[in-house]
Amino acid sequence: MSSDNLKVACPVCSKSVLEKDINRHLDNNCSDDTAVPPPPTQGFRGKLAQTSLDSLFTTPSKGSQAPPSLTQSSSKYGHRRKRSEPEDSDSFTIDAATDIAPLKRQRVTRLQSAAPLAERLRPQSLEEFVGQPHLTGPGSLLMSQLDQGATGSIIFWGPPGCGKTTLARLLAKRTDAVFKELSATDSGIADVRAVVEQAKNLLSLTGRRTVLFLDEVHRFNKAQQDIFLPFLEQGHLQLIGATTENPSFRLTSALLSRCRVFVLERLTDDDIRHIVIQAVERVSEPNTSSGGVPRPSQPAREVYVVDDDSSDVASSQPDIEEPLTQPSQSSQASQSSATGPSGTQTSSASASAFPAYPQLTPKVLSLIVSLSTGDARTALSLLELVLSAKHTSDEGTLLTALRRSVSTAYDRTGDARYDMISALHKSVRGSNGTAALYWLARMLTAGEDPLYVARRMIVCASEDIGLADNHALPLAMATYQACQVIGMPECRINLAHLVSYLSEAPKSTRAYQGYNRAEEAAKLDPSIPVPPMVRNAPTKLMKDLGYGREYKYNPDYAHPVTNDYLPIQFRDDEFLRKEGDMRDKVWDEDALRQWEFQVNGGRPWSGRPETGSNQASGNTSGPPQVE
């Protein structure tokens, strides 16, 4: 066998490649056509393919019939393409040099055409990315690392629809790295190992790095997360993980130590509005290749244009091509009206900004921004519903339909649950009953278990109200029992009663803070013995050993008496302090003035000391004693 015909297996993709073409095959990232094709198939398919090739170099005589592969569609091998083009009597005349090539457009597979609008309109460059200026802005740490050609391993933590997946793809594209994408919901260790082996081979042969994007990385358990450790340590792989959960709780400390965590914030209303307007402009473009919602235009006369691609003959599932339509005069006018005198795009929320979609009124646009709550995917999904509606749709009906199409996102195991219960507790502690009732309603309307809220309020009754109102704890326990007996929706009234009472009740943390101080002292030396005076002496032997000796039984005395209640090490300590004791309390004049202005109607606080030279000068740590 000649050395020119010697075939070898590619170490990266395992394809059979001619030895003389292996370097070019690797340089092209295994995406070229140097792989050895399979042997030609005999029979009708081979004859049909040969006929297609011969027809390119043969001009049919007048009156002669063109080959079947070019004039008709076979149910198994040939496929007719519908294209919108003015009908011509010579439309079936083939000129491979001039007629066929200009009509070829970028192919869109069936899977791509079935993707939702949010997927089809993903940004293709970092310049098109909207939001997260603290990460993508000039001078940011991420962009500085990107300018050096590598980003290292990263964990993106943020809410859904904030751009985690898109940003990961754009970073890999900017660094010219091979991008691999997996989802922890349907992948395992075997899939990760396969990617790592390819990454190691590619790095050793071509020097190109591989970036693995793992979506929902928190779905991997601890054992699965440990698979990344040696490869990240050795630099064989760069990991970009995306998660909506707190990495501190869901990812191992070993993995976090090898990655940098970047927090993506929820998109602002201005960001969402910009994304929506930009999406409308893209789908409004004629002959769009993004697979957007087609613009309404007068139907063009359809003709069948033959595709001379020989690969289509052997395929039983052809790709879908975009229809070629000429832009109508109205569409050109709408584009020119959206362009300023300098040629720049002028986008506004007015109805005239989108003449192709009159149903997208300013109110509808504002509602989309409001309902999305910072989620770009939700905003584009709502936009897709609006663009698919009839142009004569009533605005009120459309607004109602949009409101009903959005469900409240509330996860009982996610961070949002604990953020809301924390906001409820802090509102009660701050005596803001309005805010407390709002967060209570947010949780209950989202489907939260009322017993979960009641348990938290039982803790709040002792922690924050405590000794200031001894009725708070019994009321909290009664409310918990009422929720058990009655259930939703009626028990929401009991919870509202409790939350309102606790918010307006006086506050005292003496018991809570006193226990914290006692606990700190108890942990210093757990072996300190109990003083003999207060020990239990049930037997004569214990009494002979001095247990309970000299103990003074307080009810026997007409006056106060004392005993050695504490070990000698802590006899001078005071864990439970007296009411009105202001030690360790901070006097913040600025915070007090803010409260007086925002809450107290500008009136001075009644607890202000009449003479307080040190407090009037600013923040101090020694407030006056308030009895």
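Predicted model: local features only at pLDDT ≥ 70, side-chain atom pairs only at ≥ 80, totals over all residues.
Author: A crossing of two helices is right-handed if the near helix is turned clockwise from the far one by less than a right angle, and left-handed if anticlockwise. By that rule, α18 passes α19 in a right-handed crossing. Numbering starts from 1 along each chain as its sequence is written, and side-chain values rest on heavy atoms, with hydrogens and water left out.

Reader: What makes up the secondary structure of the protein chain?

Author: There are 29 helices and 11 strands. These are DSSP runs numbered from the N terminus, with helices (H or I) needing at least four residues and strands (E) at least two.

Reader: Back to that pair: how do the axes of α18 and α19 cross?

Author: Helix α19 covers residues 376-388, and its axis comes within 8 Å of that of α18, crossing at roughly 145 degrees. Axes here are lines fitted to C-alpha atoms, for helices over the stretch in contact, and angles between N-to-C directions run from 0 to 180 degrees. From α18 come Val 364, Ile 368, Leu 371 and Ser 372, and from α19 Thr 378, Ala 379, Leu 382, Leu 383 and Val 386. Contact takes heavy atoms within 4.5 Å.

Reader: How does that contact of α18 with α19 look by class?

Author: Seven residues are nonpolar, two polar and none charged. The classes are nonpolar (Ala, Val, Leu, Ile, Met, Phe, Trp, Tyr, Cys and Pro), charged (Asp, Glu, Lys and Arg) and polar (the others, Gly among them).

Reader: Why are α18 and α20 called roughly parallel?

Author: Look at the angle: the axes of α18 (residues 362-372) and α20 (residues 395-404) cross at roughly 10 degrees and come within 10 Å. The cut-offs are under 35 degrees for roughly parallel, over 145 for roughly antiparallel and 65 to 115 for roughly perpendicular, with the rest oblique. So α18 and α20 count as roughly parallel. Lys 363, Val 364, Leu 367, Ile 368 and Leu 371 of α18 meet Glu 395, Leu 398, Leu 399, Leu 402 and Arg 403 of α20. That makes seven nonpolar, no polar and three charged residues.

Reader: And what makes α22 and α25 roughly antiparallel?

Author: Again the angle: α22 (residues 433-445) packs on α25 at about 150 degrees, with the axes 9 Å apart. That value is past the antiparallel cut-off, so the pair gets the label roughly antiparallel. α22 passes α25 in a right-handed crossing. Gly 433, Ala 436, Leu 437, Leu 440 and Leu 444 of α22 touch Arg 492, Leu 495, Ala 496, Val 499, Ser 500 and Ser 503 of α25. By class, seven are nonpolar, three polar and one charged.

Reader: Arg 122 is charged, so why is Arg 122 called buried?

Author: Its relative accessibility is 14%. Buried means under 20% relative accessible area, exposed over 50% and partly exposed in between (1.4 Å probe, protein chains only), so at 14% Arg 122 counts as buried. Arg 122 sits in the loop between α6 (117-120) and α7 (133-136). Beyond four places in sequence, Arg 122 is in contact with Thr 165, Thr 166, Arg 169, Arg 282 and Arg 377.

Reader: What joins the side chains of Arg 122 and Glu 119?

Author: A polar contact of 2.9 Å. The term calls for N or O atoms within 3.5 Å, where within protein one must be able to donate a hydrogen and the other to accept it, and residues adjacent in sequence count only if both atoms are side-chain atoms. Glu 574 does something of the kind, with a 2.9 Å polar contact to the side chain of Arg 583.

Reader: Is Glu 574 buried, exposed or partly exposed?

Author: Partly exposed, with a relative accessible area of 33%. Glu 574 lies in the loop between α27 and α28 and touches Arg 517 and Arg 583, leaving out residues up to four places away. The C-alpha atoms of Glu 574 and Gly 514, which are 60 residues apart along the chain, are separated by 8.4 Å.

Reader: What about Glu 550: buried or exposed?

Author: Exposed, at 60% relative accessibility. Glu 550 is in the loop between α27 (540-544) and α28 (589-598).

Reader: What is the phi of Glu 550?

Author: Near 65 degrees, a positive value in a residue other than glycine. Most residues other than glycine have a negative phi, and most peptide bonds are trans. Gln 132 also has a positive phi, of about 55 degrees, and Gln 132 is buried at 3% relative accessible area.

Reader: How do you know that the peptide bond from Met 488 to Pro 489 is cis?

Author: Omega is near 5 degrees there. Pro 489 is found in the loop between α24 (472-486) and α25 (491-504).
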